[in-house]
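Work through the following exercises with the sequence and the coordinates side by side. Each task is followed by a solution that goes step by step.

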Amino acid sequence: MFDRYGIKVKILLNCLLSVMIFFVFLVWLSNFYWNVLLETRKERIKNIVDIGYTLSKGYVELEKKGLLTHEEAQKRLMDNIKSIRYSESEYIFIADTRNYLVVNPSRPDLFMKDMSDFKDPTGFKIYIKITEIAKTKGEGFLSYMWPKIGSNTPIEKIAYVKLIPEWNWIVGTGLYLDDVLNSLKKFIEILLVSFIFCVAALLSLGLYFANSVVKPLMKVSSILMKNSEALTHKSKFLSESSQKVQSFSKDQEASIQSTASAISEITSMIAKTTEFSMDSARSANEISKKVEQGENSIKSMQDSMQKIKESSFKLKNIEKIFNEIEIKTKDIKRIVAKTELLSLNASIEAARAGETGKGFSVVALEVGNLAQMSGKASNEIQHLLNRSRKDVDGILQETIENVSVGEQRTSTVSDSFPDIVNGILGINTQMGQISDAIKEQEIGVRQISTAMSQLNDLALKNSSESEKSLRATEDIAKVSEVLKDNVEKSNLVIQGAKKKD
């Protein structure tokens, strides 16, 4: 309920509460003073009634002792009561239990009058109440309204009555409370002046104390609020930075892992490349050797081609052999022709000879057949010779052409082989250099891989530290929120709840 009020208002409210408590205390004090005055009055009239009661008891005792008759005792008591005065005009009265007035010094006209219907201005039946108290309690107080002598204004009056059981009389007296009220009024006036002075002093001191407390607290609260806002802003900035660092660390970690994986693959590839380059170098050496062997083979081939060329030129000598064979064949044909002619002549001569020439005729026939066969063979040889001549000429021509082409190509290859050998030697040298460079690269890549592994570890540590920093930033943000909340609560305590527009 009071949370929406500031500390200044609360202090003032406390002052007002103190004022109210002081006011309640003054009311209680006034009521206490009134009760004291009233009790004093009651004690006073009770003492006076006790005097009248003691006096009446004395006459009752005199009656009992027979010193006085009943009527004499009552008459003397009434005479004594009529003569008693206190507080200038106050008196003691006597009534009986039948509501009759026996003695009233101020109203002798009411002697032995029935007072059952006697009322005060408020309608209160005084004597009926007096009789009721006397019969039920024997004694007691009552209050009623009654004007003073010579005045028509009713004033509160308090009375005390006490029963004289032997005579069924009731002795009593009353006392106006106007002097008590006047004393109470004076006392209340003094209390009111004191109350006003205390209220002014309390409010002044409360306002001064509230201002002296609120102003420094406002300054402190303003500084705390600014620091809280700055801390909140910085914590948010640190949180964002930590989140970015964490994100960058994770990206860096992922990149480093990817790079490390790639470098690992590159290292593996470089190792394989080194192996391949070494194999290539070995292959280049082997190729160089084989090229040298090929060069030697080409040289041998050139020599062979030269020999083939020389052999092809030697083939031309076959033509001479063919011509000689052709001449010899012609000679054979002439011999065959002559042999046939001789066989024919011999057959003729054998036929002429008759029986004696039959055997010679058979020989001549066989010789003729042989001559024909020889002629036929000679023709076939001539035919084969012609075909062989053509084939040999074609083969020779083709061989000469092929040898020429082969000789040109062999010459070209022979001319390019030194360049190939030099190139392969250069390649072999370069492969060796490449192999050395790859080895150095492999060493460098391994060092890079080691460095990347260390960077990966650092990235992991950085990521871990960024997470710790993020958690610390979040803790700072929470502390900032708590501080801000406490500052707001302090402002609420100091200033109170602000009115909403």
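**Exercise 1.** In this predicted model, examine the salt bridge between D50 and K46, and classify the accessibility of each partner.

*Solution.* Begin with the contact itself: D50 forms a salt bridge with K46, and their closest N and O atoms are 3.5 Å apart. Finally, turn to accessibility, where buried means under 20% relative accessible area: D50, at 18%, counts as buried, whereas K46, with a relative accessible area of 27%, is partly exposed.

**Exercise 2.** Determine which elements are linked by the salt bridge between K162 and E139, and state which residues are joined with this pair into one network.

*Solution.* K162 lies in strand β5 (residues 154–164) and E139 in strand β4, so the bridge ties together parts that are 23 residues apart in sequence. As for accessibility, K162 is buried at 16% relative accessible area, while E139 counts as partly exposed at 31%. Salt bridges that share partners then join E139 and K162 with K46 and D50 into one network.

**Exercise 3.** Describe the salt bridge between D79 and K75, including its place in the secondary structure.

*Solution.* The side chains of D79 and K75 meet at 3.4 Å, taken from N to O. Both residues belong to helix α2 (residues 70–83), and because they are 4 residues apart there, about one helical turn separates them. D79 counts as partly exposed, with a relative accessibility of 37%. A search of the whole structure finds 8 salt bridges.

**Exercise 4.** Characterise the largest pocket by its volume, its lining residues and their classes.

*Solution.* The largest pocket holds about 440 Å³ of space. Its lining has 23 residues, of which Y91, S106, W146, K157 and Y176 lie nearest the centre. The elements that contribute two or more residues to this lining are α3 (126–136), β4 (139–147) and β6 (169–176). Sorted by class, the lining residues comprise 13 nonpolar, 6 polar and 4 charged.

**Exercise 5.** Locate the nonpolar surface patch that contains L203, and identify the helix that gives the largest share of the patch.

*Solution.* V9, L13, L16 and L203 form the patch, which together has about 260 Å² of accessible area. Helix α1 (residues 7–65) gives the largest share, 3 residues, whereas L203 lies in helix α4 (residues 178–353).

Methods: Residues numbered from 1 in each chain as written. Predicted model: local features only at pLDDT ≥ 70, side-chain atom pairs only at ≥ 80, totals over all residues. Heavy atoms only, no water. Patch = residues over 30% accessible without salt bridge, like charges linked within 9 Å, V, L, I, M, F, W, Y side chains within 5 Å. Areas by Shrake-Rupley, 256 points an atom, 1.4 Å probe, with all protein chains shown as cover. Salt bridge = Lys/Arg side-chain N within 4 Å of Asp/Glu carboxyl O. 1 Å grid on protein atoms, 1.4 Å probe; cavity = no way out; pocket = protein on both sides within 12 Å on 5 of 7 lines; lining within 4 Å. Points joined across faces, edges and corners; volume = space filled by probe spheres on them. Nonpolar A, V, L, I, M, F, W, Y, C, P; charged D, E, K, R; others polar. Buried < 20%, exposed > 50% of the residue type's maximum accessible area, 1.4 Å probe, protein only.
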